[in-house]
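Welcome! Please take a look at the sequence and the model below, and then let us walk through them together.

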Amino acid sequence: MALALSSAVLGLQGSAAVASMRAPAPAMAFKTDTPRPDLQSGLDFTYDKPWSSSEISDKAGLAALAKKLNPIVGYWDPLNIGETSKENIAWFRHAEIKHGRVAMAAFVGYLVGASGAHFPWKLTGDVSFADISAAGGPADQWDALPSASKMQILLFIGFLELWGESYEALAADGQVHYVRGGKPGYFPKMKGNMPHPIPLDFWDPLGLTKKMTPERKEQALLAEINNGRLAQLGIFGLVSASKGLIVPGLDTLPFPKYAGEIMAPFSEANKDLPFVAEMLTLRAEQIAREAVFLAQ
């Protein structure tokens with residue numbers, strides 16, 4: 001044992017001697033305020049950086065915004081978001097604005113689809129918009145969509161997500177990412193920034209916001225957040241009412257009920273996609289098990 005210990009000590013001493021002859025390894029600092037312009041494609045993995053903007057970055061800013069949005073309710077933060085980092089605050093602000101916009105479009109789209117309004121032309125060679133509308137309410141209409149149509153919609157949504165988060169797209173507009181002090185809710189322009197011509201921008205295609213005064217734009221942004229919050233409640237209410245739940249003001253609307261799975265993106269019409277048939281089989285087995293459990 002003594003021989004083994006002495007050999008280990010000698011080995012460690014030898015390693016230390018060799019290591020001392022080498023050049024010292026550079027220190028890795030993951031938390032720094034020093035920008036990294038050497039990184040390509042604008043990727044910057046520094047942990048913390050000072051903001052050069054006046055965007056909301058603390059609890060006081062959130063409280064002031066809450067008073068403008070709803071003086072009666074005021075500042076209410078059960079998740080203590082205001083106590084976290086400025087990057088986290090910006091992330092939640094951007095998420096709320098984006099989800100509000102989606103909810104506003106979804107609420108209006110639900111009402112239009114549930115009313116039976118549809119385009120008069122063909123969706124594909126064999127399926128028309130009238131066929132989709134005849135399937136029932138908006139959720140049934142989604143289930144009736146061919147696989148190619150669903151994939152086009154999902155891929156388009158994915159493209160919008162990538163474009164909205166793209167450093168290059170934001171930089172082309174002179175903007176930075178919202179977690180780096182950029183504007184929460186800002187969507188980069190597509191017109192003039194794509195490899196092919198685009199006649200109109202996806203966001204504000206008519207350029208109406210460019211004509212607003214700063215005061216009018218501030219009021220419009222506050223209204224957008226409030227309307228988005230209301231729309232999120234509204235679309236959840238419509239979906240809940242379609243499943244037969246009691247939703248005051250919405251459950252009495254003459255809209256078709258839905259017997260399918262709200263959270264299932266694919267249906268029997270999409271068995272041509274990989275894994276969908278297996279997914280539907282597993283879901284049917286789960287429903288059967290739940291029925292047995294409830295019966296007991």
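Predicted model: local features only at pLDDT ≥ 70, side-chain atom pairs only at ≥ 80, totals over all residues.

Let us begin with one side chain: arginine 101 counts as partly exposed at 22% relative accessibility. Here buried means under 20% relative accessible area, exposed means over 50%, and partly exposed lies in between, with a 1.4 Å probe and protein chains only. The salt-bridge partner of arginine 101 is glutamate 224, and their closest N and O atoms are 2.6 Å apart. This pair links distant parts of the chain, since glutamate 224 sits in helix H8 and arginine 101 in helix H3, 123 residues apart. Glutamate 224 itself is buried, with a relative accessible area of 15%.

Residues are numbered from 1 along each chain as its sequence is written, and side-chain values use heavy atoms, with hydrogens and water left out.

**The overall picture**

The chain has nine helices and zero strands. Helices (H or I, at least four residues) and strands (E, at least two) are DSSP runs, numbered from the N terminus. Of the 296 residues of the chain, 27% count as buried.

Helix H3 covers residues 86-114, which makes 29 residues. The expected span of a helix is 1.5 Å times one less than its number of residues. Just after H3, glycine 116 takes a positive phi of about 95°.

**Salt bridges**

Side chains of opposite charge can pair when their charged atoms come close. A salt bridge is counted when a side-chain nitrogen of Lys or Arg is within 4 Å of a carboxyl oxygen of Asp or Glu. By this rule the count comes to ten salt bridges.

| Glutamate 55 | Arginine 93 | 3.6 Å |

Glutamate 55 forms a salt bridge with arginine 93. That pair also links distant parts of the chain: glutamate 55 is in the loop between helix H1 (2-21) and H2, and arginine 93 is in helix H3, 38 residues apart. Glutamate 55 is partly exposed at 23% relative accessibility, whereas arginine 93 is buried at 14%. Elsewhere, Glu261, Arg283 and Glu290 are linked in a network of salt bridges.

**Two loop residues with positive phi**

Most residues other than glycine have a negative phi. Asparagine 80 is not a glycine, yet has a positive phi of about 55°. Asparagine 80 lies in the loop between helix H2 (59-69) and H3 and is partly exposed, with 46% relative accessibility. Phenylalanine 275, also not a glycine, has a positive phi of about 70°. Where is phenylalanine 275 found? Phenylalanine 275 is in the loop between H8 and helix H9 (276-295), and at 69% relative accessibility counts as exposed.
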